[in-house]
Amino acid sequence: MDPSQAALLYTERLKSYRRFIQLVGYPQGLTHFFVDSPFLASDMKVLDAGCGTGTLSLGWHQALTRAAYTPGELYGFDLTPAMLAVFKHTLENRPAVNVELLQCDALNVDSLPDNWRDFELIMSAAMLEYIDKDKVVSVLSGLRPRLADDEI
């Protein structure tokens, strides 16, 4: 899917998307996934690639809190300004969650700031299916150098 089409879809259908993910329990499912995950640890530097409205990041943070881990640095980028605005608004009501957010196309992660590196975990949900099949490897290859050297 063309990036501009994806951005338009999630701008025009944002309310429907948010209702749908609540209806199917997606946020709760993500939190439960992370609670049982071997990836959960204190003080991790984490990137949410294609963070959208923050469902994955907030599930990560909630799982950390439930497991009594200390949240570390959390970063997120998304293509769609409308979704980032929802995420930012949600964060206003959750001051304990500290996230740095930017608008960025996953096809152009080289435009992210230089300090957006050395992540211990790069997570993504509901983004890669919008990337053309022939570009998925390129997107993942672009994210790989942003992992810490000892992480894979």
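1. Two residues are in contact when they have heavy atoms within 4.5 Å of each other. That meaning of "touch" is needed for point 5. The model discussed here is predicted.

2. Start with strand β2, residues 74-78. It is mostly covered, with five of its five residues buried. The cover is found on both faces: Leu74, Gly76 and Asp78 are buried on one side, and Tyr75 and Phe77 are buried on the other.

3. Strand β2 has a partner in strand β1, residues 46-49; the two run parallel and are joined over four bridges. Within this pairing, Ala49 stands opposite Phe77 of β2. To get from β1 to β2, the chain passes through helix α4, residues 55-66, in a right-handed β-α-β crossover.

4. Strand β2 also pairs with strand β3, residues 99-103, again in the parallel sense, over five bridges. Here Phe77 has Leu102 of β3 as its bridge partner. A right-handed β-α-β unit is made by β2, helix α5 (residues 81-92) and β3.

5. Now look at the loop between α4 and β2, where Thr70 lies. Is Thr70 buried, partly exposed or exposed? Its relative accessibility is 42%. Buried means under 20% and exposed means over 50%, so Thr70 counts as partly exposed. Leaving aside residues up to four places away in sequence, Thr70 touches Ala41, Ser42 and Asp43. The C-alpha atoms of Thr70 and Met44 are separated by 8.6 Å, and these two residues are 26 residues apart along the chain.

Key:
Residues numbered from 1 in each chain as written. Predicted model: local features only at pLDDT ≥ 70, side-chain atom pairs only at ≥ 80, totals over all residues. Heavy atoms only, no water. Buried < 20%, exposed > 50% of the residue type's maximum accessible area, 1.4 Å probe, protein only. Pairing = 2+ DSSP bridges. Right-handed = clockwise from strand over helix to strand, strands pointing away.
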